[in-house]
Amino acid sequence: MTLYTTSLQKHLLKHTGEKPYQCTICKIRFTTKSNLKTHLITHTGLKPYHCDTCGKSFRQKSHLQAHSLTHKPRKQHKCSFCQFVTFKASTFRCHMFTHTGERPFQCGICGKSFTTKGNLKQHSIVHIKGKQHRCTICNYTTTKTTNLHTHMLVHTGEKPFRCSICGKGFTTKSNLKQHSVTHMRKKQHKCTFCNYTTFKTDHLRNHILTHTGEKPFQCGLCGKCFTTKTNLKVHLKVHNKMPYHSIPLRP
């Protein structure tokens with residue numbers, strides 16, 4: 001019998017559903033002898049595979065291999081725009097899209113774009129004929145009851161997912177998870193005037209201005225001053241909506 005013939009016979013068992021190898025203890029059947037051999041270890045209680053680093057033992061070689069990864073130094077990916085950090089390169093790439101605005105995954109039916117393949121896959125369901133769950137307050141529709149439940153929180157104002165460190169609430173578990181990163185290995189900056197604390201130095205600087213009264217960002221059109229650059233940008237939109245002749249000229 002050749003190796004090819006043996007491999008073919010093993011493969012055919014997947015189609016026939018046959019499991020010729022049976023455990024004499026619990027009667028569970030297996031398609032291969034190696035699977036039966038691995039299973040038998042569960043009855044003996046033996047853990048023959050040992051980690052050379054910490055000495056922990058495992059029943060299966062695959063479990064030891066997975067465990068060994070925990071001892072290897074992992075590269076931490078840090079976002080250059082915010083405090084987000086992750087060990088997964090794929091997660092980091094998806095996060096960066098929130099800053100760059102890129103949406104590389106496009107729906108072939110309606111052309112709508114998404115930052116992740118998972119979001120595109122979830123969106124594609126709306127094009128499949130099925131039960132639509134509608135929001136009773138607005139025009140939002142979805143094929144998933146879980147999505148509708150999460151959406152309703154926007155209207156009710158509920159935030160069931162709460163941070164155990166600072167008490168801040170969130171509408172989704174994923175938002176809470178992303179927020180939790182801000183509490184990891186970061187220096188906490190405290191205001192010397194009140195009890196305000198933050199992990200971001202720029203937030204502290206902006207906060208201090210509320211105590212000092214400084215407004216370093218000035219409008220070049222009307223001279224009005226603001227504590228933050230964001231507030232100045234919002235203010236400038238007022239001038240964009242005004243007729244040119246109505247904008248007061250600075251002396």
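Predicted model: local features only at pLDDT ≥ 70, side-chain atom pairs only at ≥ 80, totals over all residues.

**Entry 1: Phe97**

Is Phe97 buried or exposed? I looked this up and found that Phe97 counts as buried, at 16% relative accessibility. (Buried means under 20% relative accessible area, exposed over 50%, and partly exposed in between, with a 1.4 Å probe and protein chains only.) Phe97 lies in helix α4, residues 89-100.

Residues are numbered from 1 along each chain as its sequence is written, and side-chain values use heavy atoms, with hydrogens and water left out.

The mean pLDDT of the chain is 79, and 89% of its residues reach 70 or more. (pLDDT is the predictor's confidence in each residue, from 0 to 100.) Where is confidence lowest in the chain, and where is it highest? I found the lowest mean, 68, in helix α1 (residues 3-16), and the highest, 87, in strand β7 (residues 105-106).

**Entry 2: the whole chain**

I counted nine helices and 16 strands in the chain. Of its 251 residues, 23% are buried. Among contacts with a separation of 6 or more, 7% join residues 24 or more positions apart. The accessible surface comes to about 19300 Å², and carbon and sulfur atoms hold 55% of that. (These areas come from the Shrake-Rupley method with a 1.4 Å probe; for residues, only the protein chains shown count as cover.)

**Entry 3: the annotated spans**

I turned to the UniProt record, an unreviewed entry, which gives "domain: C2H2-type" for residues 21-48, 49-76, 77-104, 105-132, 133-160, 161-188, 189-216 and 217-239. (UniProt positions are given in the numbering used here, feature names are shortened, and annotations may be inferred rather than shown by experiment.)

I looked into two of these spans. Residues 21-48 are 43% helix and 14% strand, with end C-alpha atoms 22 Å apart. For residues 77-104 I noted 43% helix and 14% strand, and 21 Å between the end C-alpha atoms.

**Entry 4: Lys27**

Lys27 is in the loop between β1 (21-22) and β2 (29-30). Most residues other than glycine have a negative phi. Lys27 has a positive phi of about 70°, although it is not a glycine.

I found His133 in strand β9, residues 133-134. His133 is buried, at 14% relative accessibility. Beyond residues up to four places away in sequence, His133 touches Tyr140, Thr141, Thr142, Thr143, Lys144, Thr145 and Leu148.

His127 sits in the loop between α5 (117-124) and β9. His127 counts as partly exposed, at 32% relative accessibility. Leaving aside neighbours within four places, I saw His127 in contact with Cys107, Ile109 and Cys110. His127 and Ile109 are 18 residues apart in sequence, with 7.9 Å between their C-alpha atoms.

**Entry 5: Thr172**

Thr172 is in the loop between β12 (169-170) and α7 (173-180), and is buried at 18% relative accessible area. Which side chains make polar contacts with that of Thr172? I noted Ser174 at 3.2 Å and Asn175 at 3.1 Å. (A polar contact is a pair of N or O atoms within 3.5 Å; within protein, one must be able to donate a hydrogen and the other to accept it, and residues adjacent in sequence count only if both atoms are side-chain atoms.)

Leaving aside neighbours within four places in sequence, Thr172 is in contact with Thr150 and Phe161. Thr172 and Phe161 are eleven residues apart in sequence and 6.4 Å apart, C-alpha to C-alpha.

**Entry 6: cysteines**

How many disulfides does a search of the whole structure find? I got zero disulfides. (A disulfide is a pair of cysteine sulfur atoms within 2.5 Å.) Cys222 is in no disulfide, and the nearest cysteine sulfur, that of Cys219, is 3.7 Å away. Cys222 is partly exposed, with a relative accessible area of 29%.

Key. Helix = DSSP H or I, 4+ residues; strand = E, 2+ residues; numbered from the N terminus. Contact = heavy atoms within 4.5 Å.
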